[in-house]
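Thanks for asking me to look this over with you. Here are my notes, written to be read beside the model.

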Amino acid sequence: ENKELQFLDISKNNIGEDGAHSIADGLRANETLRSLQLNGNPLRDVGVGALVQAIGVHCTLRDIGLHAVCLERSGVGLFDPHNPTGRFSVDLAKPFERQVLEAHLELDRQDEASGIDNFLNVALNGKPVDFGEGKDIQDWPLPPEGVLTYDYVSGKRVPKEARAQREIEAMREKQ
């Protein structure tokens, strides 16, 4: 039982579906973890699905890194409105996928006060989108079709009292 762990980065550790299920079991019981980075692990769709379901149990996790985790479907199938950060590939001709983009656009409007750009690396059919000087995706008329890829970064902030795992480990070593 760990009552202090708030940040955990286990990226690029060759964690697969079985490991993702074990991590999901731990997340269901954990009430302190705020950031979990799993980038570069072959979690696949099933493993990521297990993690997303587990996150909903306590909702203390505010950031999860899932870049390059061997997904076979687009990130749209894993959209979680409570934790919308991630890389997305949206086929604008498909109504469900377009709804995910529209949900991001609404979250972006609500998060305007944070002062951060929520949409990054926006590309249509593999080509970067230029919104024009002083404009952003909110000013851009969405085309009826094409594949739009983007990174969405939520404006949620990690609490000030949260400490990195390395700081906790250093404190334990001093004791």
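The points below cover the sheet and then the salt bridges.

1. A word on the basis: this is a predicted model, where local features need pLDDT of at least 70 and side-chain atom pairs count only at pLDDT 80 or more, while totals for chains, interfaces and linings use all residues. Residues are numbered from 1 along each chain as its sequence is written, and side-chain values use heavy atoms, without hydrogens and water.

2. Have a look at the open sheet, where 4 strands run in the order β4-β7-β5-β6 with antiparallel pairing. At its edges, β4 (86-91) and β6 (127-128) each pair on one side only. Strands here are DSSP E runs of at least two residues, and helices are H or I runs of at least four, numbered from the N terminus; two strands pair if DSSP finds at least two bridges between them.

3. Within the sheet, β5 (residues 119-124) and β7 (residues 147-152) are joined by 4 bridges. F119 sits opposite Y152 of β7.

4. The model has 4 salt bridges, counting a side-chain nitrogen of Lys or Arg within 4 Å of a carboxyl oxygen of Asp or Glu. One of them joins D151 to R87, with 3.3 Å between the closest N and O atoms. This pair connects strand β7 to strand β4, across 64 residues. D151 is buried at 17% relative accessible area, and R87 is partly exposed at 41% (buried is under 20%, exposed over 50%, partly exposed in between; 1.4 Å probe, protein chains only).

5. Helix α3 (residues 95-110) holds R98 and E102, 4 residues apart, and their side chains form a salt bridge at 3.8 Å. R98 is buried, at 18%.
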